[in-house]
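Morning, everyone. Let me put the model up, and then we'll go through its charged pairs and a few other spots.

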Amino acid sequence: METVLNSSSWLQDQFPGELWVQCFLSIFLTITCFSLNFVMVFIYLKEPVYQGVLRYMLFIHLLVNDFLQTALAVLLFLFARFEGIMLLSACSVIVLLSACTSMNTPLNLAVMSLERYVAICFPLHHVQLCTVNRGYIAVALVWLIGILPGISDISIAYTYGPPGYFQGYFDCRRSLFIILPSQNIKQLVFNTVYFTSIWAVVIYTYLQILITARKATSDKSSASKGQRTVLLHGVQLILSMSFFIFPLTEYLFQGQTLLPKRHVRFFNYYVTMVLPRCLTPLIYGVRDENFKKHLKVYLSSCRKKVQPLQSN
């Protein structure tokens, strides 16, 4: 996201038509994403079948987290597109939430994979182990781990920054809080351990469910479904990590002229940062039989309420 926000020369060379088209697309996708997420959350709160089920609670947390991340990404993008500046102390809150929600998604997917692993491989202990109260603890740990990198960077910037640094006005970006060279090394080490651990959990749970599915003699369909679910978590994990390719594609197009470079930057932002978060309801929610059934009920009831005008 920092590359998008730190491109003032690019912003100054934009054509007004492109500016409004890009803003419209960003806002349109955000509203669409919010609508899908809102319907899913409404169904979850309205229907008793979802209450007390850990995997649905984790899914709703994923929806809310992804929407918050999308809204923050669009907000920062629009702020940069209009070359806005803000108080650094206010920027620190937005950057902290944006970084935290970005890190939360892979962690949430790892917890969801573990829940499916327990459900398939240890079905007799699933009810005791995968309770909603433990889900609350897992969500709290997800936020604690996700917020640590941002908190540490902001604390270092506050401690080692120049006097009055947080009272200044800047174009909001995360690099403003990178004061010491050691912070880049810290972030590299954290990201390496973080993503290695998450991928290890997802791959391990998938292989264990695969082995269980092959050994199963009675409930093969449930094991196979769990296997496909964890595989989808892997796909979601790849999508949630797609923002890491942003700097790579920026580097590859450094030698291009302004026009394609301009479009590549917006395409990167749109595809790697915003779009993957809006796919969560389609990848997981619509696939679930309960959600699919209730979606059809609610959508059909909405269509019945909208009656066409009768001509005299």
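Start with Lys186 and Asp153. Their side chains meet in a salt bridge, 3.2 Å from N to O. By salt bridge I mean a side-chain nitrogen of Lys or Arg within 4 Å of a carboxyl oxygen of Asp or Glu. Lys186 lies in helix H8 (residues 181-215) and Asp153 in helix H7, so the pair ties together parts that are 33 residues apart in sequence. Helices here are DSSP runs of H or I, at least four residues, numbered from the N terminus.

Some ground rules. This is a predicted model: local features need pLDDT of at least 70, side-chain atom pairs count only at pLDDT 80 or more, and totals for chains, interfaces and linings use all residues. Residues are numbered from 1 along each chain as its sequence is written, and side-chain values use heavy atoms, without hydrogens and water.

Back to the pair. Is Asp153 buried or exposed? Asp153 is buried, at 2% relative accessibility. Lys186 is partly exposed, at 28%. The cut-offs: buried is under 20% relative accessible area, exposed over 50%, partly exposed in between, with a 1.4 Å probe and protein chains only. Arg174 joins Asp153 and Lys186 in a network of salt bridges.

How many salt bridges are there in the whole structure? The search finds 4. Among them, Glu115 pairs with Arg116, closest N and O atoms 2.8 Å apart. Both of these residues, Glu115 and Arg116, are buried. Asp171 and Arg173 meet at 2.6 Å, N to O. Asp171 is partly exposed at 26%, while Arg173 is buried at 16%.

Methods
Helices (H or I, at least four residues) and strands (E, at least two) are DSSP runs, numbered from the N terminus.
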